[in-house]
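Dear colleague,

Please find below the structure that I promised to hand over, with its sequence.

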Amino acid sequence: MQKILIVEDDESIAGLLSLALRKSGYHCESALDGIVATEKIESEVFDLILLDIMLPGVDGFALLEYIREFSTPVIFITARADVSDRVKGLRMGADDYIVKPFDISEVLARVETVLRRYHKKDRFFRANDIIVDTESRSVTKAGAAVDLTPKEYELFLLFLRNRGLALYRETIYERVWGEPYFGDTRTVDLHVQRLRKKLGLSEEIQSVHKVGYRFKADKV
């Protein structure tokens, strides 16, 4: 599971980000000031850091200089909207820059984009006798090609990347279809049914009552 550090002194914003990221299958930790953030970065390995600029203790720009030693990607999330601040942050090595107030779906999309950029080595995913090649977007089962639609493919890849986690229907819909979820479960359910049938995963793609789905399958 990919691990994200949220460095944000506003507890309500940190809580919102943490909740949304956890529902999307990420492990999250928070630091309310720059000093605590440096201690966490020294003692733990993170896949991504979401970083405010105006922080007590050590500000975000100074903290970014420190983070660069660890080669961890950083997305600034800040109220400082001036172009000069944005340019400074990107030139210092930030991978993205999001201005508050933000839309949480945009944050999730940008997080996914940055993580994908830093995890190109994850070309192949395996489950039971199924292999997914993310470079060619091909799927094989027991050596035979399986024809998935683009949305079926994205849905299966989401399950593979979040193996063992219960994913909410709204999370699945927003991450696969890229638009807000308004409570209609038929689209998600229909695609799950087709995946189960095409890939022989009726037991592995499990329904989770009042939540959504969980994918449980062995790596091979």
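Ile53 counts as buried because its relative accessibility is 0%, where buried means under 20% relative accessible area, exposed means over 50%, and partly exposed lies in between (1.4 Å probe, protein chains only). Before going further, please keep in mind that this is a predicted model, in which local features need pLDDT of at least 70 and side-chain atom pairs count only at pLDDT 80 or more, while totals for chains, interfaces and linings use all residues. Residues are numbered from 1 along each chain as its sequence is written, and side-chain values use heavy atoms, with hydrogens and water left out.

Ile53 sits in the loop between β3 (48-51) and α3 (60-67); helices (H or I, at least four residues) and strands (E, at least two) are DSSP runs, numbered from the N terminus. If neighbours within four places in sequence are left aside, Ile53 is in contact with Asp59, Gly60, Phe61, Phe76, Thr78, Arg80 and Tyr97, contact meaning heavy atoms within 4.5 Å. Leu64 is 11 residues from Ile53 in sequence, and their C-alpha atoms are 9.3 Å apart in space.

**Strand β3 and its partners**

Strand β1 (residues 3-7) runs parallel to β3 and is joined to it by four bridges; two strands pair if DSSP finds at least two bridges between them. In this pairing Ile4 stands opposite Leu48. Strand β4 (residues 74-78) also runs parallel to β3, with three bridges joining them, and here Leu51 stands opposite Phe76. Phe76 was also named above as one of the contacts of Ile53.

**A second sheet**

Strands β7 (residues 130-133) and β8 (residues 138-141) are joined in the antiparallel sense over four bridges, and Asp133 stands opposite Ser138 in β8.

**Salt bridges**

How many salt bridges are there? The count comes to 17, where a salt bridge is a side-chain nitrogen of Lys or Arg within 4 Å of a carboxyl oxygen of Asp or Glu. One of them joins the side chains of Lys40 and Glu29 (3.0 Å, N to O). Lys40 lies in helix α2 (residues 34-43) and Glu29 in strand β2 (residues 27-31), so this pair ties together parts that are 11 residues apart in sequence. Both Lys40 and Glu29 are buried.

Another salt bridge is made by the side chains of Asp96 and Arg110 (2.9 Å, N to O). This pair links distant parts of the chain, since Asp96 is in strand β5 (residues 96-99) and Arg110 is in helix α5 (residues 104-118), 14 residues apart. Asp96 counts as buried because its relative accessibility is 18%, whereas Arg110, at 25%, counts as partly exposed.

Glu112 forms a salt bridge with Arg116, with the closest N and O atoms 3.2 Å apart. Glu112 and Arg116 both lie in helix α5, four residues apart, which is about one turn of the helix. Arg116 is partly exposed, with a relative accessible area of 43%. Salt bridges that share partners also join Lys3, Glu29, Lys40 and Glu44 into one network.

**The chain as a whole**

The secondary structure of the protein chain comes to eight helices and 12 strands, and buried residues make up 45% of its 220 residues. Along its principal axes the C-alpha trace spans about 55 × 35 × 30 Å. Among contacts between residues at least 6 apart in sequence, 56% join residues at least 24 apart.
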